[in-house]
Amino acid sequence: MFCKHMSDGFRRGVRDFGCAEVPFGNVDLDSLLQDIFKEGTRWPFESGAVDGFVAGSASTGVALLAGLESVGARIKIDFDMVAKEPTRFTEWIRPEIIPINEDIRAAGNELARTIISAANGTELTNLQSLIAPKFAT
């Protein structure tokens, strides 16, 4: 479900902001990092069809970036990249990647609160919540 929710949210954002999604080969968040790297080495930048990439995690973003750069593409010149990450990881190694922080501690706290409340009889419809991602600063 995680992959589906993330993909659906991405597609909704693309639609809402009038952008276009360009399919990216046969890799996804669950692919091996070396496969994501290899896919990055195959990306044709001559077409100018892509402004940026969205990575579902810091590790997939770094693998993709390494593949893209290995064939001469340059971040912030040929493309931008956004990566969702649970810690401020990319700023240490590649500050050009735009991070979106995923607060997994807050998510864990919310999950624990929900489970305890449900066990105490609270209606599930009263336990829904959303922790919005934030751009790291």
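**Exercise 1. Crossing of H2 and H3**

Task: In this predicted model, find the hand of the crossing of H2 and H3, then describe the contact by class.

Solution:
- Step 1. The helices H2 and H3 cross in a right-handed manner.
- Step 2. Take the geometry. H2 spans residues 33–41 and H3 residues 58–70; their axes come within 7 Å and cross at roughly 35°.
- Step 3. List the contact residues. H2 gives Leu33, Ile36, Phe37, Gly40 and Thr41. H3 gives Ser59, Thr60, Ala63, Leu64, Ala66, Gly67, Leu68 and Ser70.
- Step 4. Sort them, with Gly counted as polar. The contact has seven nonpolar, six polar and no charged residues.

**Exercise 2. Helix H5 and its ends**

Task: Check the span of H5 against its 16 residues, then inspect the start of H5 and the residue just after H5.

Solution:
- Step 1. H5 covers residues 104–119; at 1.5 Å a residue it should span 22 Å.
- Step 2. The end C-alpha atoms of H5 lie 22 Å apart, so the two values agree.
- Step 3. At the start of H5, a side-chain oxygen of Asp103 comes to within 3.2 Å of the backbone nitrogen of Arg105.
- Step 4. Just after H5, Gly121 has a positive phi of about 100°.

**Exercise 3. The aromatic pair**

Task: Classify the pair of Phe53 and Phe79, and say which parts the pair ties together.

Solution:
- Step 1. The count is one aromatic pair.
- Step 2. The ring centres of Phe53 and Phe79 are 5.5 Å apart, with 85° between the planes.
- Step 3. Planes over 60 degrees apart count as edge-to-face, and the pair of Phe53 and Phe79 is edge-to-face.
- Step 4. Phe53 sits in strand E1 (residues 52–55), Phe79 in the loop between H3 and strand E2 (80–85), so the pair joins parts 26 residues apart in sequence.

Terms used. Residues numbered from 1 in each chain as written. Predicted model: local features only at pLDDT ≥ 70, side-chain atom pairs only at ≥ 80, totals over all residues. Heavy atoms only, no water. Axes fitted to C-alpha atoms, helices over the stretch in contact; angles between N-to-C directions. Helix = DSSP H or I, 4+ residues; strand = E, 2+ residues; numbered from the N terminus. Left-handed = near helix turned anticlockwise from the far one by under 90°. Contact = heavy atoms within 4.5 Å. Expected span 1.5 Å × (residues − 1). Polar contact = N/O pair within 3.5 Å; in protein donor to acceptor, adjacent residues only side chain to side chain. Phe/Tyr/Trp six-rings, centres within 6.5 Å; stacked < 30°, edge-to-face > 60°.
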